[in-house]
Amino acid sequence: MHAPAPQNGSAQFWLGVRMFLPVAVSIAAYGVVWGVLAGQAGLSILEVALMSGLVFAGASQFVALDMWTPGNLPILSIIIATGIVNLRFVLMTGTLRPLVAHLPRWRALLAMSGVSDEQWALTMSEMREGHCTVSFMLGMTFLSWLSWTGSTLVGRLVGALIDDPAKYGLDFAFTAT
């Protein structure tokens with residue numbers, strides 16, 4: 001049984017951050033792997049930061065990285081493949097509509113733009129308990145984004161020291177994701 005959830009937005013935000021901490025650790029683990037593989041694929045530190053910070057979609061980034069060919073990027077193929085991978089978010093964010101129904105459409109869309117699989121699952125659980133707010137979800141989004149972006153940068157920097165990711169089984173990360 002959950003304790004009563006704090007009602008103000010700031011308290012809900014930080015509750016979301018605290019509840020998401022264990023998940024953020026696992027996100028960081030595969031974020032480091034993605035960063036290592038991104039470095040091996042030839043992405044610069046700036047490209048890793050931009051892709052992770054702006055795209056912020058781990059599975060799609062693994063798909064794009066698998067197709068990455070410097071100097072000859074199959075942009076249309078990457079867009080189609082990542083679009084297919086991300087179709088699940090249409091249904092997932094649709095189930096969160098009751099949470100954002102009171103917001104203007106642009107704010108609801110902005111709030112939903114950072115939803116990931118892990119945040120969705122925890123948000124749905126909290127919604128069933130009647131404890132969830134947009135601020136709670138945004139707290140998880142903030143920590144998820146920070147964990148993913150930071151860990152991919154760490155992986156990119158550490159990856160420069162790893163000569164063969166396959167030797168350590170890191171090439172399997174795409175399949176695992």
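Predicted model: local features only at pLDDT ≥ 70, side-chain atom pairs only at ≥ 80, totals over all residues.

**Exercise 1. Determine how F13 and F142 are arranged and which helices they join.**

Solution. 
- Step 1. The structure holds 4 aromatic pairs. F13 and F142 form one of them, with 5.8 Å centre to centre and 40 degrees between the planes.
- Step 2. Planes under 30 degrees apart count as stacked and those over 60 as edge-to-face, the rest being tilted. The pair of F13 and F142 is accordingly tilted.
- Step 3. F13 belongs to helix α1 (residues 9-40) and F142 to helix α9 (residues 134-159), so the pair ties together parts that are 129 residues apart in sequence.
- Step 4. F13 counts as partly exposed because its relative accessibility is 22%. F142 is also assigned to the partly exposed class, at 37% relative accessibility.
- Step 5. Ring pairs link F13 and F142 with W14 into a cluster.

**Exercise 2. Describe the aromatic pair of W34 and W148, and state whether these residues are buried or exposed.**

Solution. 
- Step 1. The ring centres of W34 and W148 are 6.2 Å apart, and the angle between the planes is 45 degrees, which makes the pair tilted.
- Step 2. W34 lies in helix α1 and W148 in helix α9, and the pair links parts of the chain that are 114 residues apart.
- Step 3. Buried means under 20% relative accessible area. Both W34 and W148 are buried.

**Exercise 3. Identify the partners of the salt bridge and locate them in the chain.**

Solution. 
- Step 1. The structure holds 1 salt bridge. Its partners are D117 and R88, whose closest N and O atoms are 2.8 Å apart.
- Step 2. A salt bridge requires a nitrogen–oxygen distance within 4 Å, and the 2.8 Å between D117 and R88 meets this condition.
- Step 3. D117 is partly exposed at 32% relative accessibility, and R88 is partly exposed with a relative accessible area of 27%.

**Exercise 4. State which residues make the nonpolar surface patch, and which helix contributes its largest share.**

Solution. 
- Step 1. L76, I80, I84, L87 and V90 make a nonpolar surface patch of about 530 Å².
- Step 2. Helix α4 (residues 75-86) supplies the largest share of this patch, 3 residues.
- Step 3. L87 is placed in the loop between α4 and α5. Because its relative accessibility is 53%, L87 counts as exposed.

Methods: Residues numbered from 1 in each chain as written. Heavy atoms only, no water. Patch = residues over 30% accessible without salt bridge, like charges linked within 9 Å, V, L, I, M, F, W, Y side chains within 5 Å. Areas by Shrake-Rupley, 256 points an atom, 1.4 Å probe, with all protein chains shown as cover. Salt bridge = Lys/Arg side-chain N within 4 Å of Asp/Glu carboxyl O. Helix = DSSP H or I, 4+ residues; strand = E, 2+ residues; numbered from the N terminus. Buried < 20%, exposed > 50% of the residue type's maximum accessible area, 1.4 Å probe, protein only. Phe/Tyr/Trp six-rings, centres within 6.5 Å; stacked < 30°, edge-to-face > 60°.
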